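Please look at the sequence and the 3D structure shown below, and keep both at hand while reading.

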Amino acid sequence: MRTAMIGLGLMGAGMATRLAAAGHTVTGWNRTAERAAPLAEAGVRLQATPGAAARGADVVIVSLADAAAQHGALFGAGGVLSEGPVPGVLVCTSTVAPAEAEALAAATDAVLDVGLLGNHQHARDGQLRLYVGGDAAALDRARPALEPLAQQLQLVGPLGSGMRLKLLMNLLMGIEVQAMAEAAALGARLGLDRQAVLQAITVSGFASPVMRFKSRRLGADSYTDPDFRLRLMAKDLGLAMAESDGLSLPLTAAAHEAHQRAVELGLGDQDCAAISRAVGR
């Protein structure tokens, strides 16, 4: 199967590497071409435009940071859909508003939106959890390109459902990591050793796997080389709030405000655990 990867950042590069190792012919495009250059050694055939990467592909996977980047790659000059629908299945893994994914149905014949759970190492190891919105027939067509990436591949509803579920998961992650950061900050204010507080949290019944994972960054107070950028967490919390339709979500609202403030403090391109540095400021 020929698979195109539009966007070769952390997640896109991980997925492209995995698919090439699984025997797919993988073409790819990235906005910053030099960052993707090392992928050529992994067998990814790099192209100058999104449209060139997608041409003739059975499955086109889009993995970009936000709706603006996705729209440009799909509909801009040289974009995937700039010359009309693609013959293959378009798979949107960018975390965007569900309406953005739903609107793609009018632009191409077969489209899926996929909420990815996991990080770039999970992508390289084929250990992502993929929650899919769309038509079962389109999923069957795309399955050979998605199964090598996933420990779980599940159709969860019509188009837009994958994004909705992903926003719920990122809502939980943002609140959990912020709660751990606040507990550590309060512990320090009360005279407790920060490392002892974090260690107690991670072995307690209150800790989730993501809290245990992010506690390493809080313990080292190191947020460079991010797994997931703080500004993207702020974006996703905002998207979750936009989907609330008047439902009161006070914890989500507070987390969104805190993450926006952290972005204003210049922490946006650090790992989302850098919310720790914004606590109390």
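The side chain of T17 has a polar atom that lies 2.8 Å from the backbone oxygen of A13, a polar contact being a pair of N or O atoms within 3.5 Å, where within protein one must be able to donate a hydrogen and the other to accept it, and where residues adjacent in sequence count only if both atoms are side-chain atoms. This is a predicted model, in which local features need pLDDT of at least 70 and side-chain atom pairs count only at pLDDT 80 or more, while totals for chains, interfaces and linings use all residues. Residues are numbered from 1 along each chain as its sequence is written, and side-chain values use heavy atoms, with hydrogens and water left out.

- T17 is part of helix α1, which covers residues 10-21; helices here are DSSP runs of H or I with at least four residues, strands are runs of E with at least two, and both are numbered from the N terminus.
- With a relative accessible area of 18%, T17 is buried, since the cut-offs, for a 1.4 Å probe and protein chains only, are under 20% for buried, over 50% for exposed, and in between for partly exposed.
- When residues up to four places away in sequence are not counted, T17 touches L39, A42 and R124, contact meaning heavy atoms within 4.5 Å.

**Helix pairs**

- Helix α9 (residues 194-202) and helix α10 (residues 209-220) have axes that come within 10 Å and cross at roughly 175°, and that angle makes α9 roughly antiparallel to α10.
- Such axes are lines fitted to C-alpha atoms, for helices over the stretch in contact, and the angles run from 0 to 180 degrees between N-to-C directions; under 35 degrees counts as roughly parallel, over 145 as roughly antiparallel, 65 to 115 as roughly perpendicular and the rest as oblique.
- On the α9 side R194, Q195, L198, I201 and T202 take part in the contact, and they meet M211, R212, S215, L218 and G219 of α10.
- The residues of this contact of α9 with α10 divide into four nonpolar, four polar and two charged, where Ala, Val, Leu, Ile, Met, Phe, Trp, Tyr, Cys and Pro count as nonpolar, Asp, Glu, Lys and Arg as charged, and the others, Gly among them, as polar.
- How do the axes of helix α8 (residues 161-189) and α12 cross? They come within 10 Å and cross at roughly 70°, and α8 and α12 are therefore roughly perpendicular to each other.
- L171, G174, I175 and Q178 in α8 meet L251, T252, A254, A255, A258 and H259 in α12, and by class this contact of α8 with α12 has six nonpolar, four polar and no charged residues.

**A240 in helix α11**

- A240, which has its place in helix α11, is buried, with a relative accessible area of 9%.
- Although A240 and N170 are 70 residues apart in sequence, their C-alpha atoms are 8.7 Å apart in space.
- Leaving aside neighbours within four places in sequence, A240 is in contact with L167, L171 and T252.

**Salt bridges**

- The structure holds twelve salt bridges, each being a side-chain nitrogen of Lys or Arg within 4 Å of a carboxyl oxygen of Asp or Glu.
- D221 forms one of them with R277, and the closest N and O atoms are 3.3 Å apart; this pair links distant parts of the chain, with D221 in the loop between α10 and α11 (230-242) and R277 in the segment after α12 (250-267), 56 residues apart.
- D221 is partly exposed at a relative accessible area of 38%, and R277 is partly exposed at 31%.
- D269 forms a salt bridge with R231, the closest N and O atoms being 2.6 Å apart; because D269 lies in the segment after α12 and R231 in helix α11, the pair ties together parts that are 38 residues apart in sequence.
- The side chains of D236 and K235 also meet in a salt bridge, at 2.6 Å from N to O, and D236 is buried, with a relative accessible area of 2%.

**Positive phi angles**

- Most residues other than glycine have a negative phi.
- D225, in the loop between α10 and α11, has a positive phi near 50° and, at 63% relative accessibility, counts as exposed.
- D245, in the loop between α11 and α12, has a positive phi of about 50° although it is not a glycine, and D245 counts as exposed at 77% relative accessibility.
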